Amino acid sequence: MSIIGFQAILLTSCYRQELVLDRLPANTPAGAEIFVAGNFNNWDPGDQRFRMERGTNGAYSITLPRGVGKLEYKFTRGDWTTVEKNECGYDTPNRSLRYGEHETVLNTVYSWGDTEPMNCIQKTLVISELPENTPDAPVIYLASTFNGWNPGDFEFIMQKNNLGQYYITLDKQSECMDYKFTLGNWESVETDPSGNDIGNRRLCFDNQDTTYVAIKAWRSTRVKTLRKVTLVLSSLPKETLPGDPVYAAGSFNNWNPGNKWHAFKTDGSGRRYLTLASEDESITFKITRGNWRNVETTLSGKDIPDRSFIMGNVDTLYLKVDRWKDR
């Protein structure tokens, strides 16, 4: 076969793929350039070859090079700080499709990494029935895929409404969440009426805004003792921008470097602080800006050992971050 003939067969076996972005968040900056990054360009978030064109109807579109197989991609506004997020500002899985299934695929971006979510989808989970052996004034926790299955996460304590029911309102982090209730540890996890383990519950973010559930029994009613400490960042590298989010990742959150529930807040004087609660006698942790590529390091840029702290020694811990790994 001639080279020309082989090239003709190769071209006809590859598929054309058009991506159309027809809906954007209302707070997308005017005149924004939008890019697509994926497994076809080494995930470069600002590759000018893959800048989308805006049509007269306001929709953005791009035709990718012909190909075969699976395509994975995400939309950005030029770098990873502006990558698309879900309705509540959480990371989304890579988009995927297969060449040849649909010549044109429509897409919607719900929020960007550097802008506030505008249409966060929430769901309220209400406990309608508690076991008879529930302690007086219980502290009930939600352990789930949203918090690394931490059975005593201070940020996932159920609140009590004026009807005496325990509830929690959750932002959408993913389409569905697996979960169980505890009294603060796995020894006190919910069970069936006979004391046997039950399967994980599942909550999906559908059109219903409230879900009612009943707890039949607790494995144990041992009440959890919480110890708290407030981390205060007394010094950050000069390269830290005012809008940079800062997080604590450690033994208390399954070492998630960008857990929303362990982001530092800012007080009136501009200092960053975070209050942690744990049943453990000690915790280990590091400070990040959202992922392990920008974790704290020594002044020379080398990795540092995990920080450690004995809970109960003091109620406030002052910390200094010398340098970020990526700066």
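Mentor: Buried residues make up 43% of the 327 residues in the chain, where buried means under 20% relative accessible area, exposed over 50%, and partly exposed in between, with a 1.4 Å probe and protein chains only. This is a predicted model, in which local features need pLDDT of at least 70 and side-chain atom pairs count only at pLDDT 80 or more, while totals for chains, interfaces and linings use all residues. Residues are numbered from 1 along each chain as its sequence is written, and side-chain values use heavy atoms, with hydrogens and water left out.

The pLDDT, the predictor's confidence in each residue from 0 to 100, has a mean of 91 over the chain, and 95% of the residues reach 70 or more. Residues 1-12, however, have pLDDT below 50, and beyond near neighbours in sequence this stretch has three contacts in the model; a contact means heavy atoms within 4.5 Å. Of the contacts in the chain with a separation of 6 or more, 74% join residues 24 or more positions apart.

The chain contains one helix and 27 strands. These are DSSP runs numbered from the N terminus, helices being H or I of at least four residues and strands E of at least two.

Two strands are said to pair if DSSP finds at least two bridges between them. Strand 5 pairs with strand 2 (residues 35-38) in the antiparallel sense over four bridges, and within this pairing Phe35 stands opposite Thr76. Strand 5 also pairs with strand 7 (residues 95-98), again antiparallel and over four bridges; here Lys70 faces Arg98. Strands of a sheet pair through backbone hydrogen bonds, either parallel or antiparallel.

Elsewhere in the chain, four strands form an open sheet in the order 12-13-10-17, with mixed pairing. Strand 12 (159-160) and strand 17 (210-214) each have a single partner strand, so these edge strands have one side left without a neighbour in the sheet. Strand 10 (residues 122-129) pairs with strand 13 (residues 166-171) in the antiparallel sense over six bridges, and Ile127 stands opposite Tyr166.

As for overall dimensions, the C-alpha trace of the chain spans about 80 × 50 × 40 Å along its principal axes.
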